[in-house]
Amino acid sequence: MTDPESPIVYIVDDDGAVREALEDLLSSVALGSRSFPSVQEFVGAARADAPSCLVLDVRMPGHSGMAFLAHMAECGIAMPTVMITGHGDIAMSVRAMKDGAIEFLTKPFRDQDLLDAVNRGIEIDRTRRATAAETRHVRQLWEALSPGEREVARLVVRGLLNKQVAAELGLSEITVKVRRGHMMRKMEARTLPDLVRAFDRIHA
């Protein structure tokens, strides 16, 4: 059975020989891959829920790689991208990097240069996925708080003491202490800095 966390590399290049060569290279280092002859086919295909990296050709018939790179976010695709081209120049490289590419390689490139870029992309995506998962978890914890516990949390992260929170909300200090204790436990926060970090994560 395939590990759902096994990384996968997507290749988009209209040259079949290039796609095959890249698939063979990635396979030689035990990296799974899927290749597509066009941006349209890549966008329309189902993508694995796993750490990934995109190897994208700059120039292709129809929707070019450069144009797609600039609009990936609009397609709901957040994937570290390595641009490859047989006709690159410095201006194109700068533009690609500004649009979010992590590397720009001109054909013929060294196999190791591509592998290094792909592995870096996979690690970037692995970190992004872990951060997103943690944010989802913290948001679920926040949603589980009662309205009163959220009110207390919002004031506590501003640095207010229990007495000040009580005055602000028109509550007794003991009520604030109880709500604060419940809130900290539900948010899995052992300290005030833990709570502040969690609050910042979901209210950034």
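1. A nonpolar core is a set of buried Ala, Val, Leu, Ile, Met, Phe, Trp, Tyr and Cys residues joined through side-chain atoms within 4.5 Å. Keep that in mind for this model, which is predicted. In soluble globular proteins, nonpolar side chains tend to be buried together.

2. Start with the largest nonpolar core, which has 22 residues. Val 12, Phe 42, Leu 54, Leu 56, Phe 68 and Met 83 have the most contacts inside it. Strands E1 (8-12) and E3 (52-57) each give two or more residues to this core.

3. Now look at strand E4. Is it enclosed or open? All 5 of its 5 residues (81-85) are buried, so E4 is largely enclosed by the rest of the structure. Thr 81, Met 83 and Thr 85 point one way, while Val 82 and Ile 84 point the other way.

4. Beyond its neighbours within four places in sequence, its contacts include Leu 56, Met 66, Leu 69, Ala 96 and Phe 104.

5. What pairs with E4 on the E3 side? E3 and E4 run parallel, joined by 4 bridges. Asp 57 has Ile 84 as its bridge partner in E4. The chain goes from E3 through H3 to E4, a right-handed β-α-β crossover.

6. Strand E5 (residues 103-106) is also parallel to E4, again with 4 bridges. Here Ile 84 stands opposite Leu 105. The path from E4 through H4 to E5 is a right-handed β-α-β crossover.

Key: Residues are numbered from 1 along each chain as its sequence is written. This is a predicted model: local features need pLDDT of at least 70, side-chain atom pairs count only at pLDDT 80 or more; totals for chains, interfaces and linings use all residues. Side-chain values use heavy atoms; hydrogens and water are left out. Buried means under 20% relative accessible area, exposed over 50%, partly exposed in between (1.4 Å probe, protein chains only). Contact means heavy atoms within 4.5 Å. Two strands pair if DSSP finds at least two bridges between them. A crossover is right-handed if, with the strands pointing away from the viewer, the path from the first strand over the helix to the second runs clockwise.
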